[in-house]
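Subject: Structure for your review

Dear colleague,

Please find below the structure that I am handing over to you, together with its sequence.

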Amino acid sequence: MRDGTVRIGILGAGVVGGGLYQILQKNAEHIERVAEVSIEVAAICDVDWERPRDFSVPTALRTTDAYEIINDPDIDIIVETIGGSDVALEYVTAAIRAGKSVVTPNKEMIAHHGNQILPLAAQYGVDIQFEGSVGGVIPVLRSLKESLASAQIDQIIGIVNGTTNYILTEMTEAGAQFTEVLAAARREGYAEADPTADIEGIDAANKLAILAALAFGTRVRVEEIYREGISQITPTDIDYARQMGYVIKLLAIGARNGDQLELRVHPALLPVQHPLAAVRGVFNAIFISGPECGEVMLYGQGAGALPTGTAVAGDVIDCARNIVHDSRGRTPCRCEGEASVRPVGEIETSAYVRMCVADQPGVLGRIATLLGHEGVSIESVIQRPAGNDVADIVWVMHKGPERHLQAALCAIKELDVVEQICSVIRVVDE
Ligand code: HSE
């Protein structure tokens, strides 16, 4: 810090970098008061300054060379808003080694490389903050690290991907097919040009890895998170779920189970009374529970320039305060050991199963016998004619080990009267 001003350098003049820049300009006086220091954007790096943007950056602040910023001794904090795990990781590592505090909303990098970056920041006595990496503006990481620091967290359930929540909401409210809504979402700019990471739950798994590490105090390998996306969800399933009092949501679930953690991202039937069921459109929410804190839900915009920019600006202010008070590095990673993750087959779940069968005497009984043989208990069943001597049967099973259901479904699939097992979707009702 020089002349009573903390200087920041922003790497990446995209949506979030731009949101941060605008917030720091617009709310400068207020920010100076709460940060107890003036915060100045000293430079912004981007590889393409010709790209159209809805904010402008004075030419004097622009550079295309990240190392000009990283190696500038007058810059105290580096904000990385490039995204991805390649150059972002290189720059963040270099910034820490140069003695700068780092702020990043980069969920992919933190989820995959946090185990390396956070100890490095502790070694160099600098801060690394990443509130914007999960849930956009929602202050969930700081809540876990600070407000809920004394509490044992038993379970965390998140709607942490706005694109998939928007698609499922539109499918529910307009009765549209997945592909139609996805195409509309891309036209409206809600979905990425390549929406694979969102649709397949990859983005949500990255966010769950970060949430679980903070909630359960242990390192989490993203690769160990069980993951299913939403591309197989149909309006038919959404409609059956509605008739039974459920909505379908893509959930990121982390839970303690003895010495192990259950970590999974998948679509699930959620009772309409659950607070997360009311989270519509691109909004995100995280539901946390534990014996001391009870049930806590945090809700807000999970993406976008100003919401995510607000989370990033909060981290910048925190880093600036630590510079002013000479207390950098006071909140290092406190994760211990590596999580032991329960295999998904061992997890106790309840499931919704829809199958298409021949509408003949004895079919329901034969299927029920196979379920019973594998120890799967039926909670409810609905049968509807589907034309041409075919019927739809929708089962909801009682909670039990997932491997029992999978074994039963393997046997049921082989029955000559079963045309197809159309859908298997877990039910989350605790
Ligand atoms: N692709 C993410 C989403 C953006 O749809 O929620 C925020 O991480």
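Please note that the model is a predicted one. K207 belongs to helix α10. Apart from residues within four places in sequence, the contacts of K207 are K107, S133, V134, V160 and N161. K107 stands 100 residues away from K207 along the chain, yet the C-alpha atoms of these two lysines are separated by 6.2 Å.

**The ligand site**

Which residues are around the ligand? They are K107, N161, G162, T163, D198, D203, K207, G302 and A303. Sorted by class, this shell comprises four charged residues, four polar residues and one nonpolar residue.

Side chains of the shell approach the ligand as follows:

- K207: an N or O atom of its side chain is 2.8 Å from an oxygen atom of the ligand.
- D198: an N or O atom of its side chain is 2.8 Å from a nitrogen atom of the ligand.
- N161: an N or O atom of its side chain is 3.4 Å from an oxygen atom of the ligand.

The ligand taken alone would expose 260 Å², of which the protein buries 83%. Two or more residues of the shell come from each of the elements α7 (162-174) and α10 (202-216). Helix α10 is also the element in which K207 is found.

**Valine 140**

Is V140 buried or exposed? V140 is buried, because its relative accessible area of 0% is under 20%. This valine lies in helix α6, which covers residues 140-147. Setting aside residues up to four places away in sequence, V140 touches E131, V134, L211, I286, I288 and L298. V134 is also among the contacts of K207. As for V427, 287 residues from V140 along the chain, the C-alpha atoms of the two valines are separated by 25 Å.

**The sheet**

An open sheet is formed by six strands, with parallel pairing, in the order β3-β2-β1-β4-β5-β6. Its edge strands, β3 (62-63) and β6 (128-129), each pair on one side only. In general, the strands of a sheet pair through backbone hydrogen bonds, in either a parallel or an antiparallel sense. Here, β2 (residues 38-45) pairs with β3 in the parallel sense over two bridges. Within this part of the sheet, C45 has T63 of β3 as its bridge partner.

With kind regards

How values were computed: Residues numbered from 1 in each chain as written. Predicted model: local features only at pLDDT ≥ 70, side-chain atom pairs only at ≥ 80, totals over all residues. Heavy atoms only, no water. Near = heavy atom within 4 Å. Polar contact = N/O pair within 3.5 Å; in protein donor to acceptor, adjacent residues only side chain to side chain. Areas by Shrake-Rupley, 256 points an atom, 1.4 Å probe, with all protein chains shown as cover. Helix = DSSP H or I, 4+ residues; strand = E, 2+ residues; numbered from the N terminus. Nonpolar A, V, L, I, M, F, W, Y, C, P; charged D, E, K, R; others polar. Pairing = 2+ DSSP bridges. Contact = heavy atoms within 4.5 Å. Buried < 20%, exposed > 50% of the residue type's maximum accessible area, 1.4 Å probe, protein only.
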